[in-house]
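Okay, let's get going, everyone.

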Amino acid sequence: MVETSKQGMPMDFLQKEHYQSPRRVYSQTGSDWQRRVDFDQMRKDRLARAKAMMEKHDMDAIIMYKGENIRYTASVFQGNWKNNIFIRYAVLCRGAETPVLFETAGSDYECAKIDAPWLEGNIRPAITWKWSETAEQMMVNRMADSVIDVLKENNIPLNGRIGIDIMDMQAYSAFTEKGVNLVNAWPAMSEARVIKTPEEIECLKISSTIGDTCMWKIRNEWLKPGIRECDLTAWVNNLLYEEGFDFVYDIIVASGGNTSPYRRWHTDKMIRDGDLVVVDINAIGPGGYFVDYVRCFKCGGGWTKKEKELYQEVYDTMYAGMTQLVPGKTSKDVAEQFPVYADDKYGTVTLQQFAHSIGLDLYEGMWISRAYSLDYPVEIKENMYFAIETFAGHPGLPQTVRLEENVLVGPDGPIVFTGSSHYDECIENSPYFDFSAKSRGEPRFELPE
């Protein structure tokens with residue numbers, strides 16, 4: 001009997017799961033002749049994980065306002081703009097087949113009914129209470145009543161454990177005054193989403209592939225003296241939307257002096273010959289899943305000895321942390337490899353020497369930082385998916401380097417999904433670089449004993 005994978009594929013030739021192979025990338029469109037991303041399976045798997053975490057955290061229901069949590073459980077999307085402004089919500093009750101979606105009334109409500117038959121008609125008009133001025137108290141009470149109706153229909157006691165992901169004070173007051181016992185739903189939803197399903201991983205792989213194309217275009221076609229940071233930002237935005245991305249969250253382009261200290265937004269500064277150019281792509285791919293990674297390019301001319309040293313410093317610290325992304329290791333093991341930085345000095349996260357889980361969200365589930373991970377370690381598990389990034393942020397540098405990769409925690413260790421590389425230009429001696437493939441700039445992994 002032929003062994004099959006989690007996605008139903010024979011393993012005699014592939015030898016490993018399809019979703020664990022960065023070079024095995026599905027087309028973005030559907031087809032009758034090939035199994036591609038199975039979105040129906042993804043919907044079922046995500047909802048099953050959410051329900052399992054509800055049970056684990058002993059919750060009778062979860063009220064969701066965060067758009068990505070709604071998408072994870074109900075598989076609906078109507079634009080990034082409405083994700084987190086409290087104009088739509090969903091309720092998932094223990095024992096219910098599907099969540100109940102409260103969608104913005106009017107055409108959005110009608111679109112949802114057409115677009116999401118898997119919700120089996122469990123779609124109702126949302127009661128929007130924000131920005132209603134003197135009517136806010138009345139409207140927020142109506143919103144709370146709409147949720148309580150769902151709880152009662154599913155025989156959920158109001159004094160049970162009713163999870164809520166995010167809220168404002170008006171919502172909190174309305175629920176508690178009506179006797180609803182609210183608890184924090186974030187641990188349950190975070191634990192559900194931080195482990196990716198095979199179909200989610202396939203979507204992350206597609207997003208990384210398109211991100212690679214952007215980096216190649218920058219290096220080989222677009223980057224030249226005289227263009228501006230905003231020009232690169234515009235061209236990357238255009239390519240991503242042409243390729244069907246849901247939303248371009250942000251494209252950070254910093255050149256020359258804007259890399260030191262690192263300015264995490266673009267300007268209309270002209271890029272000149274000799275500038276280092278850091279490009280950070282943050283965008284939601286055509287299947288709803290993020291790509292978030294960084295490359296540093298040199299505009300014109302060769303890399304100086306000092307620039308190569310900075311590049312290798314960032315590369316080595318990033319890959320040292322990455323080698324610890326192994327099932328059974330902890331966030332402490334990863335954070336120990338990061339450079340001492342302002343995370344240590346101030347005891348808070350700089351978002352520059354760290355790793356973060358990505359998926360439907362740019363920041364989803366776990367963050368890893370020296371600010372707290374050294375003392376509060378969390379286990380690394382298979383099918384977690386991280387963006388890992390480091391930075392040579394030393395004072396006095398005229399310009400400097402930053403890098404970031406997207407990485408799947410495979411069964412035996414890290415699998416890099418972001419493939420665009422020009423490491424061969426900068427790396428001269430590193431345990432994480434394969435010099436036998438120098439012309440292609442291939443990184444390598446030698447997992448710790």
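So, charges: the chain has 49 positive and 66 negative ones, and their mean positions are 1 Å apart. Lys and Arg count as positive here, Asp and Glu as negative, with His and the chain ends not counted. Each charge is placed at NZ of Lys, CZ of Arg, CG of Asp or CD of Glu.

Quick word on where this comes from. This is a predicted model, with local features needing pLDDT of at least 70 and side-chain atom pairs counting only at pLDDT 80 or more, while totals for chains, interfaces and linings use all residues. Residues are numbered from 1 along each chain as its sequence is written, and side-chain values use heavy atoms, leaving out hydrogens and water.

Now the overall build. You're looking at 12 helices and 14 strands; those are DSSP runs, H or I of at least four residues for helices and E of at least two for strands, numbered from the N terminus. The C-alpha atoms fill a box of roughly 70 × 65 × 45 Å along the principal axes.

Have a look at helix α8, residues 198-222. Its 25 residues should span 36 Å at 1.5 Å a residue, and the end C-alpha atoms are 35 Å apart, so that agrees; the expected span is 1.5 Å times one less than the number of residues. Since 18 of those 25 are buried, α8 is largely enclosed by the rest of the structure.

Most residues other than glycine have a negative phi, and most peptide bonds are trans. S260 and P261, though, are joined by a cis peptide bond, omega about 0 degrees, and P261 sits in the loop between β7 and β8. S75, in the loop between α3 and β2, has phi near 55 degrees. W131 has phi of about 65 degrees, in the loop between β4 and α5. Which of these two is buried, and which exposed? S75 is buried at 13% relative accessibility, whereas W131 is exposed at 58%.

How values were computed: Buried means under 20% relative accessible area, exposed over 50%, partly exposed in between (1.4 Å probe, protein chains only).
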